Amino acid sequence: MALDKSTIEKLAKHCEDAELKAYEITKITDDYPDMTYEDAYDIQWTARAAKEARGHKIVGMKMGLTSQAKMKQMGVPNPCYGYLADYFSFGDGAEIKIDELIHPKVEAEIAFVLKNDLEGPGCHIGDVLAATDFVMPAVEIIDSRYKDFKFDLKSVIADNSSSSRYVTGGRMRDIKDLDLKTLGVVMEINGEIVQLGAGAAVLGHPATSIAMLANMLSERGEKLKAGEYILSGAITAAVSVKKGDNVTVKFQDLGSLSFRFV
């Protein structure tokens, strides 16, 4: 049964308050077991509109749960998406205040920046490759607001797919010069290698994830716009971090980026 408008607005504020004030909540399907996927995205888009109304800019989008391993780990059947607000963004060498987060984890990703709009339905990998201006390395810092990082797919969608911060840097490269499927990644925390991965971990090819996002957005009459910054999904597993941790991620042919939790 679909939720009414006032309930959606209440739940959007509930999730966003937890993000802004960094406290845990229980997953919302505990209280609303009959909510639909459409309800979940309505909650996410309502919180997004609230940020924009307060003067924040939405700078891009992210895909989540894009690996078979991650879907299995979280017990969810499909990938999901979220939005990126301006204050989520940090550059290479940044210091991230861990007290603004609840239980952050880091994962390596390839970011796409578009030169043309992308619109579904029927968007495919070739459309994505043709519409991409350049790619660059990124690390997403995910931070589910749900207690113990436990959630179902509807709850995580409502919680903006665990979006919180991301760090970008390294080199921007033309997609024609790279094999994104085999592009290797090494993640180090405090100088110790903690994760290895390759681009194929993201739905077989990171551009497949962008095409899927365009098609998912079309269900709401939305599209990916030129200039948007899009995180294609995790190449590595998500690794928990704590205050004082130094994170460095090295991307084959794309340089590296580093940042620290303070």
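Author: There are zero disulfides in the structure, a disulfide being a pair of cysteine sulfur atoms within 2.5 Å. Take C80: the closest cysteine sulfur to its own belongs to C15, and at 13 Å that's too far for a bond. C123 isn't in a disulfide either, since its nearest cysteine sulfur, the one in C80, is 18 Å away. Both are tucked in: C80 is buried at 1% relative accessible area, and C123 is buried at 7%. Here buried means under 20% relative accessible area, exposed means over 50%, and partly exposed is in between, with a 1.4 Å probe and protein chains only.

Keep in mind that this is a predicted model, where local features need pLDDT of at least 70, side-chain atom pairs count only at pLDDT 80 or more, and totals for chains, interfaces and linings use all residues. Residues are numbered from 1 along each chain as its sequence is written, and side-chain values use heavy atoms, leaving out hydrogens and water.

Now for a neighbour of C80. S161 touches C80, along with Q44, K62, Y81, G82 and V156, leaving aside residues up to four places away in sequence; contact means heavy atoms within 4.5 Å. S161 sits in the loop between α5 (153-158) and β7 (165-168), with helices (H or I, at least four residues) and strands (E, at least two) being DSSP runs numbered from the N terminus. S161 is buried too, at 4% relative accessible area. A polar atom of the S161 side chain lies 2.7 Å from the backbone oxygen of Y81.

Definitions and conventions
Polar contact = N/O pair within 3.5 Å; in protein donor to acceptor, adjacent residues only side chain to side chain.
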